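Dear colleague,

I am handing over the structure we spoke about, which you will find directly below.

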Amino acid sequence: MAVSMRDLDPAFQGAGQKAGIEIWRIENFRPMPIPKSSYGKFFTGDSYVILKTTALKNGALRHDIHYWLGKDTTQDEAGTAAVKTVELDAALGGRAVQYREVQGHETEKFLSYFKPCIIPQPGGVASGFKHAEAEEHKTRLYVCKGKHVVHVKEVSFARSSLNHDDIFILDTKSKIFQFNGSNSSIQERAKALEVVQYIKDTYHDGKCEVASIEDGKLMADAETGEFWGFFGGFAPLPRKTANEDDKAVDSLPAKLFCILKGQAEPVQADSLTRELLDTNKCYILDCGVEVFVWMGRNTSLDERKSASSAAEELLRSLDRPKSHIIRVIEGFETVMFRSKFDMWPETTAVTVSEDGRGKVAALLKRQGVNVKGLLKAAPVKEEPQPYIDCTGNLQVWRVNGQEKTLLSASDQSKFYSGDCYIFQYSYPGEDKEEHLIGTWFGKQSVEEERTSAISLATKMVESLKFLPAQARIYEGNEPIQFFSIFQSFIVFKGGVSDGYKKYIAEKEVPDDTYTEDRVALFRVQGSGPDNMQAIQVEPVASSLNSSYCYILNSGSSVFNWSGNLTTPEDQELVERQLDVIKPNVQSKPQKEGSESEQFWEFLGGKSEYPSQKIARDAENDPHLFSCTFSKGNLKVTEIFNFTQDDLMTEDIFILDCHSEIFVWVGQQVDSKNRMHALTIGEKFLERDFLLEKLSHTAPIYIIMEGSEPPFFTRFFTWDSGKSAMQGNSFQRKLAIVKNGISPTPEKPKRRTPVSYGGRSSSLPEKSQRSRSMSFSPDRVRVRGRSPAFNALAANFENPNSRNLSTPPPMVRKLYPKSVTPDSSNLDSRSAAIAALSASFEQPAREPVVPKTPKVTEEAPKPKPKPETNSKEKAMSSRIEALTIEEDVKEGEAEDEEGLPIYPYERLKTTSIEPVAEIDVTKRETYLSSEEFRQKFGMTKDAFYKLPKWKQNKLKMALQLF
């Protein structure tokens, strides 16, 4: 080898430290970085090294290294690119996956970096070629192949190049023609149009006409006649003749070779198992289309380079130049590599850890390699967002045999583990009302009622013309959207449905359905009053956990137990849930380590219990798959570096986030396949294509094109106008490319929807809250009131009920047609409060927020409590100063005229000199325009066009929320 093994090439210094693409061209056997303006431009006489760095959700950086070989590159240059790729991997810590890319046969992953395509140009540096100079436009003919990414190849400009199976692009000086072979698919035609757009923008400065030519169309069409004129007139096309480039490499039974002294020696074995791979050696796994090079963690840099050369030599000897060579490091094997083995253990002897990474670095350093890029980025901690407007209307039904029974507002958040439920949630979308219809299956529910629930929910979706998103949710695997919609959620043991009762009678098992007189233990969990749950668990000490609070009740005795690792916020949630489970009964606080004897007696004595929080599947980096479902068999193809344009209206796609999956169904999908959407999602979880240990009970969402909810579109840079367009994929893209129109249709302007997170999670002072309000049978749950309004409403509570928590706000009718069965029974207290607000009007005082009738009402001062902290006092004083705003429309832009201006230092929540008598939910409106732009980096108009959750996030960062 002509490369020094002691030092890494200085060109790789600092590579791979941030997300993005970096490219080096091999010049005189050295890698030379090319300018970003030239990314995507490749020359047929050159070899390149391409590094793709991806920032993962866990904070780590993933590296994929590709070396691209032009068809005219020299063997020495190709060898240099292969060796430099191994060196670059060493510089990055020895965990990158490395790919060989041959011109015209690139992997889909590689082509996805340069969407819509790459069109290599003749020329080269070290190969003796000269890069083609800019010249007078030359008419060229290209053939396009591919449904998800497009392989583009220039072919001879002659009629004999055309055929019925492929798509061709004829690029002339004044017009670009796309010729669609009669046997090509709509999706291929649509993807080829992206290449037309690329050619138009790149070689014509976006100024030329575009024409679509259909194979078999007669000369009557003017553009068709013009197209055939370039070929000397119309004539029947010849049958497609197979050439070397068209011949696909066949998949072969996997053969394993061990690299000994630079040679590939076959490994004899009855079956492929992980135990065949020795950490001190390198191996080749030949699968035909893919040839894998596996490099043990304890191998030297020389051995790794030798193994790569052996793989290249093996392909030369077998005359398979088009096969993809993929190099993987022990402990970082790809899913495709692992799937080739009959047995691959879930955990190997090599642990993928920072410690292991350090060992790799030490090993390479001992070999004289100056290792860089081994530091792992700190994980980004984000509070999960529901990404759904939480001000909508909720209806819940319990499934009873083949029927469903509507639950009252007071019972719709109380579920039983032995039952199945259907919920319909209607909420304001971008320009229309959106719906989410879901099923919830309790852990003890019976299969017959699960099937019935799916059938009933599907009929509900059909009745709304398949517009609603649909969800299938299992107990214990509820997504954040579900909890945010329900806000307060309780799961009792047992069940009350006929199916459950029949099951326990047949199996002769005891009925453990919750009753108030039995001993019952509830684990309380959640992040705040908008997301809190009480889950009934076995009433034994081993069910306790130091990271949670619990409610234990038996008859008239009630205990609330707080683990040593809980926070005041956790304990606050217990207070809120007590009123649902045991209203009007005084509870006995129990601190972990100082429990009473009676407490342990109810639990049957002491025993060991865990202290770590119950782990839930975290959301991982999303993967998009195109699906084909036939005769019960599901086949998927991963779409790399996906965008919204990859969602074709004729197909079904799955977006896999690990913790939940989305099945996206295009408008043009036939009704038979549309009805299989849930089955496709279940098959996907079952097959676990990425070998990521997917839970069979993970939430499945079914999303219809044109009605995508925000918790789906957040994974894309989304243009709702594209999914609202009519026609098939090709017709839609042709309209955009040919006419240059924007796909976004004119939509009526509507107010900005309120926060995805619903109400603020800040907790008012205890004495000003009333837990009983939202759960009393005579009240409808309504959302969206301000904390001040709740403080005033608390004064109307029954004096005999406990006054301990903020009543959840009441559901507003955002659309007149959204009628719920309980909506007519409006609480009379609402009218009383509105009347009282009006009577408190003070016309002599200048209003703080114009156009809004308000009153300032001092809330009754709470009785002093020994445990009240300074935060609660501060919150209490702010609430007392709040101005009550009745019937203000959420998110509606306010007129700024007449608003007093205050400095930022007095408006922020931590101010030592806070401003009194302002609307604390809109602190930012009191900033001057100049200071607002300085703090937020945008104008007020731009800010109020953002989604409410994003507004709140920015306000929280500036201590204005």
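The chain has 24 helices and 34 strands, where helices (H or I, at least four residues) and strands (E, at least two) are DSSP runs numbered from the N terminus. This is a predicted model, in which local features need pLDDT of at least 70 and side-chain atom pairs count only at pLDDT 80 or more, while totals for chains, interfaces and linings use all residues. Residues are numbered from 1 along each chain as its sequence is written, and side-chain values use heavy atoms, with hydrogens and water left out.

Of the 961 residues of the chain, 53% count as buried, which here stands for under 20% relative accessible area, with exposed meaning over 50% and partly exposed in between (1.4 Å probe, protein chains only). Among the contacts (heavy atoms within 4.5 Å) with a separation of 6 or more, 69% come from residues 24 or more positions apart.

I begin with strand E15 (residues 324-329), where six of the six residues are buried, so the strand is largely enclosed by the rest of the structure. His324, Ile326 and Val328 point one way from E15, whereas Ile325, Arg327 and Ile329 point the other way. In a regular strand the side chains alternate between the two faces of the sheet. Two strands are taken to pair if DSSP finds at least two bridges between them; on that basis strand E14 (residues 290-295) runs parallel to E15 over six bridges, with Val291 opposite Ile325, and strand E5 (residues 97-102) is joined to E15 in the antiparallel sense by two bridges, Gln98 having Arg327 as its bridge partner. E14, helix H5 (residues 301-317) and E15 also make a right-handed β-α-β unit, right-handed meaning that, with the strands pointing away from the viewer, the path from the first strand over the helix to the second runs clockwise.

Strand E23 (residues 520-528) and strand E24 (residues 531-537) pair in the antiparallel sense over seven bridges, and Gly528 has Asn531 as its bridge partner. In the loop between H11 and E27 is Asn584, which has a positive phi of about 60 degrees although it is not a glycine, and which counts as exposed at 56% relative accessibility.

As for the nonpolar cores (sets of buried Ala, Val, Leu, Ile, Met, Phe, Trp, Tyr and Cys residues joined through side-chain atoms within 4.5 Å), the largest has 77 residues, and those with the most contacts inside it are Leu436, Phe482, Phe486, Phe522, Leu655 and Phe662. Helix H3 (residues 186-203) gives the most to this core, with six residues. A second, separate core of 21 residues includes Phe625, Leu634, Val669 and Leu685.

Leu685 belongs also to the buried residues of helix H14 (residues 677-687), among them Ala677 and Phe684. Seen down the axis of H14, the buried residues fall within an arc of 160 degrees, so they line one face of the helix, the arc being that of the directions from the helix axis to the C-beta atoms.

Finally, the peptide bond from Lys115 to Pro116 is cis, with omega near 5 degrees, and Pro116 lies in the loop between helix H2 (108-112) and strand E6 (140-145).

With best regards
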